[in-house]
Every structure is written in structure tokens, then in C-alpha cells.
Amino acid sequence: MDMKIAPSILASDYANLESELNRISTSDMIHVDVMDGHFVPNISIGPPVVAAIKKVCKIPFDVHLMISEPLKYAEDFAKAGADIICFHAESDDDTGETIDKILSLGIKAAVAVKPGTDIDVVFPYLDKLSMVLVMTVEPGFGGQSFMEHVMPKIEKLREIGYEGDIEVDGGINPETIKIAAKAGANVFVAGSAVFKSENPNETISLLRNNARD
């Protein structure tokens with residue numbers, strides 16, 4: 001299975017997003033964290049920013065909606081350029097209905113679960129999902145420490161035969177990526193580890209190689 005690195009622009013310099021995207025040109029995906037100030041305490045960016053940076057970046061956009069009403073905003077983000085929309089099982093909207101809406105827009109759907117949420121909640125929808133995101137920190141803030149105790153969720157997904165992408169988000173660095181990969185994850189969101197390094201593309205290569213080992 002391909003190991004994919006998805007740097008989170010939450011850790012980038014928002015004043016220079018185009019140049020920041022050029023610094024991560026070897027990424028497999030661009031992880032775009034969207035926060036509404038309700039589902040999580042912070043507020044980040046919306047569709048206009050996604051549309052703007054899509055014009056200067058050809059790498060697929062992995063848009064992570066940490067918002068209460070993903071069903072309401074899915075179309076806006078699809079039109080802005082999302083290639084995959086990931087929303088939370090804990091959001092206010094019906095999971096199945098939201099997945100169907102995303103798929104109807106012609107893009108891939110993914111569901112995320114917080115560290116305290118049982119992975120079983122995604123099981124009824126696995127045949128429609130391109131990816132499951134297992135949060136390895138509490139959503140809403142960058143720079144948190146990796147929660148190794150959620151690895152059994154990833155293992156369980158693989159044990160029941162899920163062959164889609166399993167993404168981890170939170171505290172990923174050259175060491176923790178090995179733990180997540182061993183559990184069965186193959187998509188890794190890295191923010192600080194990439195953007196705070198001297199050479200982000202070299203760091204992406206290191207992360208990818210460590211995940212493969």
C-alpha cells in the first residue's frame with residue numbers, strides 16, 4: 001500500500017501560502033483544516049481561501065471539515081476545489097446523508113473520528129468511503145502530542161478487511177509515523193514536523209521512508 005504524506009497548511013505561513021505550497025511540492029496531498037469555532041474552538045479558513053490556493057497548486061486537496069454542519073457546506077468546498085472531503089462522525093449532520101451528498105458532488109468522501117469515539121461508528125459506511133481519518137490528537141489545535149492509545153482503532157479497521165486509505169492526524173513526526181504505519185495507517189497528516197523544518201520536501205521524503213520501513 002502506498003504511503004502518502006499530507007502536510008497540513010494549518011502549520012504554514014498564511015501570509016505566504018503560495019510559496020509555502022511550493023515548499024511542499026513532493027506532497028501526496030495537501031491537508032486543509034477547516035474549523036468553524038463551534039465544533040472546535042478555533043476558526044481557520046473557508047471556501048474562498050481553498051479556491052484561491054487551488055489555482056496555484058495541482059496536488060490533491062484533502063479538506064478536513066472540523067465543523068458542526070458539513071452537509072450544509074460540502075458543496076461550497078467541492079466547488080472550491082476539494083478532491084476529498086472528510087467530516088466528523090461527531091458532527092450534527094446525519095453521517096450517511098452527508099456521505100451521499102459528497103459523493104453526489106463527484107468527489108471522494110471520508111469520515112473522521114475523535115480519539116474518544118469508537119471506530120465502530122464508521123463500519124456501516126465503509127463501502128462508500130475512500131478514507132477513514134483516525135485522529136491522534138483532539139481536533140482543533142496544531143502542535144499536540146501523538147496519542148498512541150488510539151492505534152487499536154486502525155488495527156481493527158484492517159482486521160475487518162477495510163482496504164481504503166486510513167489517515168492519521170496529530171503529532172506525526174519521523175518517529176510516531178512508524179507507530180501509525182505499523183498499525184495499518186497509510187496517509188499521514190504532518191503540520192509542524194514539515195513546515196517548521198529547514199527543508200520541508202526532505203522531511204516529507206524522510207517521513208515517507210520511515211512509514212515504509
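Student: Is K4 buried, partly exposed or exposed?

Tutor: This is a predicted model, in which local features need pLDDT of at least 70, side-chain atom pairs count only at pLDDT 80 or more, and totals for chains, interfaces and linings use all residues. Residues are numbered from 1 along each chain as its sequence is written, and side-chain values use heavy atoms, with hydrogens and water left out. Buried means under 20% relative accessible area, exposed over 50% and partly exposed in between, with a 1.4 Å probe and protein chains only. K4 belongs to strand β1 (residues 4-7), and because its relative accessibility is 23%, K4 is partly exposed.

Student: Which residues line the second largest pocket?

Tutor: A pocket is an open set of points on a 1 Å grid over the protein atoms alone, where a 1.4 Å probe fits, with protein on both sides within 12 Å along at least five of seven lines; lining residues have an atom within 4 Å of a point. Volume is the space filled by probe spheres set on the points, joined across faces, edges and corners, and for this pocket it is about 160 Å³. The lining consists of K4, D28, M29, P60, D83, I84, K108, S130, M131 and D165.

Student: How many residues of that lining are charged?

Tutor: Asp, Glu, Lys and Arg count as charged; Ala, Val, Leu, Ile, Met, Phe, Trp, Tyr, Cys and Pro as nonpolar; and the others, Gly among them, as polar. Four residues of the lining are nonpolar and one is polar. The number of charged residues is five.

Student: Why do the buried residues of helix α3 line one face?

Tutor: Helices (H or I, at least four residues) and strands (E, at least two) are DSSP runs, numbered from the N terminus. In α3 (residues 70-80), the buried residues are P70, A74, F77, A78 and A80. K72 and K79 are exposed on the other side of α3. The buried residues line one face because, taking directions from the helix axis to the C-beta atoms, they fall within an arc of 150 degrees.

Student: Is V150 buried or exposed?

Tutor: V150 lies in the loop between β6 (131-135) and α5 (151-159). Although V150 and P115 are 35 residues apart in sequence, their C-alpha atoms are 6.3 Å apart in space. With a relative accessible area of 1%, V150 is buried.

Student: What is the relative accessible area of I177?

Tutor: I177 is part of helix α6 (residues 176-183). Twelve residues separate I177 from V189 in sequence, and 9.6 Å separates their C-alpha atoms. I177 is buried, and its relative accessible area is 0%.

Student: Over which ring does the charged end of K54 sit?

Tutor: A charge sits over a ring if NZ of Lys or CZ of Arg is within 6 Å of the ring centre and within 35 degrees of the ring normal. K114 has its charged end over the ring of F39, 4.6 Å from the centre. For K54, the distance to the ring centre is 4.6 Å, and the ring is that of F61.
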